[in-house]
Amino acid sequence: MTVETQISSCAICGQETSHLFTAPCDCKKPTNTVAYGVHWCFTCCYGEVWKRPTKEEVAGFYDLDGYYTHSRNIIDYTYQNAENYFLDRLRAHLAWHLDSGKEVSPNEASALLKGDSLRMLEIGCGNGSCLSKFNDAGFSVVGVEPDAEARETVGKAGLTVYEGTAEELPEAILDSKFDVVLMSHVLEHCLDINAAVSNVRRVLKSGGVFIVETPNCGAQGFKDQKAEWPWSDIPRHLNFFTPLSLSSILSKHGFHIITKNYSGFFRQFTNSWLTTEEEIWQSFQRSAEQKTKKPNFKLRAWGLLLKSLFYPKSAKYDSVRIIAKNI
């Protein structure tokens, strides 16, 4: 197993970054023994997979059976259906009641905009679930998505979608202007985050709203588990944002930050999440040069739940969302 040691620099501030940890393989393809190092900028609190893969390599990362963007189905995180034992139900029940996170909503944009016939673009629209929310709220919606199976799913829902990426937007929309651009759990996948954010500004109206959500790598789960954290998902995730670094990349490109919201607390304590943790650990053990003792995943979850009573939102939730304006 080899890890790239070439010097890397932060994509946000340009300062030299340091090796933070290594994923010994792609946990979803454990027979692939390529290791992925993550370098970290301690000024911006931003991480990236280094060395950067090629576009062709990135496309291969998504060659998976049942990837979540390929259908309209989602994981059921309700504790009534997922938990079998009393302590599991109790853990999930407590987490459910402690969760005050907010999911992406069209109201976040419409509250900041005036007029009718608002146009919304979602870059990396996946299976179209967010597009449908905005469509139902009266927005005229367009999606961009690189994955052919996901585009087929969106098309079956009767929504307009084009092939493309955040870095390479399709010609069909380059001359258009939108009132809202949404990137939900997309920026962490991008090879070039500066090109992606610059392209958003290009197609967003002056005064338009940019909604961007990523995994929150300021969360204690990421700090504790690093590559084994389910939301790390290396190498599909190439960038690792905290509230600070996500704010910094937007400010760098001229966006005015309106607010930060957080989501994803309860699900970290469901058996579905803990099963994923165990699957990742097992995959890594098959490729790791040094084996580690198997954690007690349920006991660890209880510890995180109790500690989270004293955490700020920035350390508690697994996702951070920023709403910004193009000024």
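Let's start with strand β8 (residues 204-215): 9 of its 12 residues are buried, so the strand is largely enclosed by the rest of the structure. Buried here means under 20% relative accessible area, exposed means over 50%, and partly exposed is in between, using a 1.4 Å probe and protein chains only. Strands, like helices, are DSSP runs numbered from the N terminus, with at least two residues (E) for a strand and at least four (H or I) for a helix. Keep in mind that this is a predicted model, where local features need pLDDT of at least 70 and side-chain atom pairs count only at pLDDT 80 or more, while totals for chains, interfaces and linings use all residues. Residues are numbered from 1 along each chain as its sequence is written, and side-chain values use heavy atoms, with hydrogens and water left out.

So who are the neighbours of β8? On the parallel side there is strand β7 (residues 178-184), which pairs with β8 over 6 bridges; two strands count as paired if DSSP finds at least two bridges between them. If you want a spot to look at, Val-180 has Val-209 in β8 as its bridge partner. Together, β7, α8 and β8 form a right-handed β-α-β unit, meaning that with the strands pointing away from the viewer, the path from the first strand over the helix to the second runs clockwise.

β8 also pairs with strand β11 (residues 319-326), this time antiparallel and through 7 bridges. Two pairs to check are Glu-213 with Arg-321 and Phe-210 with Ala-324. β11 has 7 of its 8 residues buried, so this strand too is largely enclosed by the rest of the structure. Moving on from β11, strand β10 (residues 255-263) pairs with β11 in the antiparallel sense, over 8 bridges, and Phe-255 stands opposite Asn-326 in β11.

Now for the packing. In soluble globular proteins, nonpolar side chains tend to be buried together. The largest nonpolar core in this model has 69 residues, and Met-183 and Leu-187 have the most contacts inside it. A nonpolar core is a set of buried Ala, Val, Leu, Ile, Met, Phe, Trp, Tyr and Cys residues joined through side-chain atoms within 4.5 Å. Helix α8 (residues 193-203) gives the most to this core, with 5 residues. Leaving out residues up to four places away in sequence, Met-183 touches several residues, including Ile-123, Ala-166, Val-200 and Phe-210; contact means heavy atoms within 4.5 Å.

There is also a second, separate core of 19 residues, with Ala-109, Cys-130, Phe-134 and Val-154 among them. Val-154 takes us to helix α6 (residues 148-156), whose buried residues are Ala-150, Arg-151, Thr-153 and Val-154. They cover an arc of only 155° around the axis, so they sit on the same side of α6; the arc is that of the directions from the helix axis to the C-beta atoms. The buried residues of α6 pack against α5 (129-136) and β6 (161-162). At the N-terminal end, Asp-147 caps α6, with a side-chain oxygen 3.0 Å from the backbone nitrogen of Glu-149. Just after the helix, Gly-158 takes a positive phi of about 80°.

α10 is followed by Gly-254, whose phi is positive, near 90°.

Elsewhere, an open sheet of 4 strands runs in the order β1-β2-β3-β9 with antiparallel pairing. Its edge strands are β1 (18-23) and β9 (239-240), each of which pairs on one side only. Within the sheet, 5 bridges join β2 (residues 36-41) to β3 (residues 46-50), and Gly-37 has Trp-50 in β3 as its bridge partner.

In the segment before β1 you'll find Thr-17, which counts as buried because its relative accessibility is 7%. Setting aside neighbours within four places in sequence, Thr-17 is in contact with Ser-8, Ser-9, Cys-10, His-39, Trp-40 and Cys-41.

Last stop: Tyr-311, in the loop between α12 (297-308) and α13 (313-316). Tyr-311 is partly exposed, with a relative accessible area of 22%. Not counting residues up to four places away in sequence, Tyr-311 touches Gln-220, Leu-304 and Lys-316.

Technical notes
Polar contact = N/O pair within 3.5 Å; in protein donor to acceptor, adjacent residues only side chain to side chain.
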